[in-house]
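Here is a short briefing on one protein chain. Please keep the sequence and the 3D view open while reading.

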Amino acid sequence: MKTALLAVENLTKRYRLPRERLLGRAPEVQALDGVSFTLRAGRSLGIVGESGSGKSTLARLVMALEKPSAGRVLLDGQDLQMLDAAALRRARAQLQMVFQDPYGSLDPRRTVLQTVAEPLAVLHGAGRAEQRERAIEALDAVGLREADLVKVPHEFSGGQRQRIAIARALITRPRLIVADEPVSALDVSVQAQVLNLMQDLQDRWGVTYLFISHDLAVVDLVCDEVIVLQHGRIVEQGHPDDLFHHPQHPYTQRLLAAVPGMKPRAPV
């Protein structure tokens, strides 16, 4: 059996809060508590749960932007926290992120070329000619044109800005993209366009997605498997057809009951 592209093992994260008293012990909050799962190449795994369930904390740990309190994140069998700076830089070329807000995630002063090519320059030290060539390729993949390279973010719609963000994530040709609420800031019609684009890119390039969202309908549409987080713990996991139509855990049932048009099916 092949090694999973991404393996999360007993991942735990605690944050220390400000002291309530000068001589008292600083309280802690546990954002993740023993989370484990695997994700095979070319698949999409959805992480759902309410605000405060630990979804974004999980995204930051998978991206090695923070260190876990316990547990491991393995990319192709390598523990990201055990890598030295040079090895982690090489691993990051295989691991990119698309953020929630297409308005806030792009620097308004930088051109599309500067924005999209930045990961290639930082992670690979690519020269200007290669940066431009690969940026054109990435823009073409997301349905934008070479002429867009000289523009700045305010010249684009929200959906186009998220396409730029996806192009930036694609330019290093990563194997895994962590998408943290990638369409929640967009209008419904634009959401569909971006989701269709992400699925097309997966079909064409074999991209693997860790798709983090509070929107169960979106996850149902694009993911092969779903994990439900509550208070930092996995309470249910399975195929969308099973989990969303025949939920077993009361928390999953409550999440579904709050979404119009996604009521669990009655038992047969």
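Glu28 is partly exposed, because its relative accessibility of 42% falls between the 20% and 50% limits. This is a predicted model. Glu28 forms a salt bridge with Arg14, and the closest N and O atoms are 3.8 Å apart. The pair ties together parts 14 residues apart in sequence, because Glu28 lies in strand 2 and Arg14 in strand 1.

**Salt bridges**

- Side chains of opposite charge can pair when their charged atoms come close.
- The salt bridge count comes to 13.
- Arg14, the partner of Glu28, is partly exposed, with a relative accessible area of 36%.
- Asp33 and Arg233 meet through their side chains in a salt bridge, at 2.6 Å from N to O.
- Why does this pair tie together parts that are 200 residues apart in sequence? Asp33 lies in strand 2, whereas Arg233 lies in strand 10 (residues 233-238).
- Asp33 counts as partly exposed, at 24% relative accessibility.
- Glu146 forms a salt bridge with Arg132, with 3.3 Å between the closest N and O atoms.
- That pair links distant parts of the chain, 14 residues apart: Arg132 is in helix 4 (128-141), and Glu146 is in the loop between helix 4 and helix 5 (158-170).
- Glu146 is partly exposed, with a relative accessible area of 43%.
- Arg132 is also partly exposed, and its relative accessible area is 34%.

- Four strands form an open sheet: it has 4 strands in the order 2-1-4-5, and the pairing is antiparallel.
- The edge strands are strand 2 (28-39) and strand 5 (78-79), and each pairs on one side only.
- Strand 2 holds both Glu28 and Asp33.
- Strand 4 (residues 70-75) and strand 5 run antiparallel and are joined by 2 bridges.
- Which residue in strand 5 is the bridge partner of Leu75? The partner is Gln78.
- Helix 1 (residues 55-62) packs on the sheet and touches strand 1 (6-16), strand 2 and strand 4.
- The direction of helix 1 makes about 115° with that of strand 1.

**Ahead of strand 1**

- Thr3 is found in the segment before strand 1.
- Is Thr3 buried or exposed? Thr3 is exposed, because its relative accessible area of 60% is over the 50% limit.
- Thr3 and Leu39 are 36 residues apart in sequence. In space, their C-alpha atoms are 9.5 Å apart.

**Cavities**

- Rolling a probe the size of a water molecule over the atoms shows where empty space is left.
- How many cavities of 30 Å³ or more does a search of the whole structure find? The search finds 2.
- The largest cavity holds about 50 Å³ of space.
- Its lining consists of Ser44, Met198, Gln199, Gln202, Tyr209, Phe211 and Val222.
- Helix 6 (188-205) and strand 8 (208-212) are the elements that give two or more residues to this lining.
- Helix 6 gives the most to the lining of the largest cavity, with 3 residues.

Technical notes
Residues are numbered from 1 along each chain as its sequence is written. This is a predicted model: local features need pLDDT of at least 70, side-chain atom pairs count only at pLDDT 80 or more; totals for chains, interfaces and linings use all residues. Side-chain values use heavy atoms; hydrogens and water are left out. Two strands pair if DSSP finds at least two bridges between them. Contact means heavy atoms within 4.5 Å. Axes are lines fitted to C-alpha atoms, for helices over the stretch in contact, and angles run from 0 to 180 degrees between N-to-C directions. Buried means under 20% relative accessible area, exposed over 50%, partly exposed in between (1.4 Å probe, protein chains only). A salt bridge is a side-chain nitrogen of Lys or Arg within 4 Å of a carboxyl oxygen of Asp or Glu. On a 1 Å grid over the protein atoms alone, a cavity is a set of points where a 1.4 Å probe fits but cannot get out, and a pocket is an open set with protein on both sides within 12 Å along at least five of seven lines; lining residues have an atom within 4 Å of a point. Grid points are joined across faces, edges and corners, and a volume is the space filled by probe spheres set on the points.
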